[in-house]
Amino acid sequence: IILCEADKLSTDALLYMRWLLERYKGLNKVFFCCSDVSKLQPIKSLCTVIQLLPPSKQEIVEVLEFIAEQEGIQLPHQLAEKIADNSKNNLRQAIRSFEASRQMNYPFVEGQVILTGWEDDITNIATKIIEEQSPKQ
């Protein structure tokens with residue numbers, strides 16, 4: 001069983017999970033994926049905590065260059081580094097930015113604009129809705 005965002009579970013839900021884990025100890029595997037392990041205090045003593053660190057800038061650049069090679073895309077190393085910097089150590093964001101930037105302008109040019117994919121569009125729409133709350137908007 002894999003529970004994503006387990007740190008958002010209520011205290012009651014965590015206590016129930018503790019009861020289940022104690023009752024059926026050794027009969028199953030449960031993975032609690034979370035950003036803040038301190039919120040899992042009721043069950044932490046029953047778990048093995050494994051911390052996964054975000055990828056480094058160099059690792060993101062290597063993945064982007066690998067994808068570009070597999071897709072037959074010419075990706076300048078400097079542009080890959082710029083995409084990695086903009087992603088803030090988020091590999092999924094870097095891949096989305098690479099894909100969105102390629103869709104906008106390929107072959108790449110010097111001073112290429114780095115897009116972030118759909119996230120910027122969502123932010124802009126939300127900002128406009130908040131600024132003008134009308135049927136028109």
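Tutor: Start with what counts as an aromatic pair: rings of Phe, Tyr and Trp (its six-membered ring) pair if their centres lie within 6.5 Å. This is a predicted model. By that cut-off, the structure holds three aromatic pairs. One of them joins Tyr16 and Trp19. Their ring centres are 5.7 Å apart, and their planes meet at 25°. Planes under 30 degrees apart count as stacked, so the Tyr16 and Trp19 pair is stacked. Both residues sit in helix α1, which covers residues 11-23. Tyr16 and Trp19 are three residues apart there, so about one helical turn separates them.

Now the wider layout. The chain is divided into domain 1 (2-46) and domain 2 (57-129). The centres of domain 1 and domain 2, taken over C-alpha atoms, are separated by 36 Å.

Next, the helix packing. Two packed helices are described by the angle between their axes and the distance between the axes. Helix α3 spans residues 57-71, and helix α5 spans residues 91-104. They pack at an angle of about 40°, with axes 10 Å apart. That angle makes α3 oblique to α5. The crossing of α3 and α5 is right-handed.

Which residues meet? From α3 come Ile60, Val63, Leu64, Ile67 and Ala68. From α5 come Leu91, Ala94, Ile95 and Phe98. By class, the contact of α3 with α5 has nine nonpolar residues, with no polar and no charged ones.

Key:
Residues numbered from 1 in each chain as written. Predicted model: local features only at pLDDT ≥ 70, side-chain atom pairs only at ≥ 80, totals over all residues. Heavy atoms only, no water. Domains from an automatic or database assignment. Axes fitted to C-alpha atoms, helices over the stretch in contact; angles between N-to-C directions. Helix = DSSP H or I, 4+ residues; strand = E, 2+ residues; numbered from the N terminus. Parallel < 35°, antiparallel > 145°, perpendicular 65-115°, else oblique. Left-handed = near helix turned anticlockwise from the far one by under 90°. Contact = heavy atoms within 4.5 Å. Nonpolar A, V, L, I, M, F, W, Y, C, P; charged D, E, K, R; others polar. Phe/Tyr/Trp six-rings, centres within 6.5 Å; stacked < 30°, edge-to-face > 60°.
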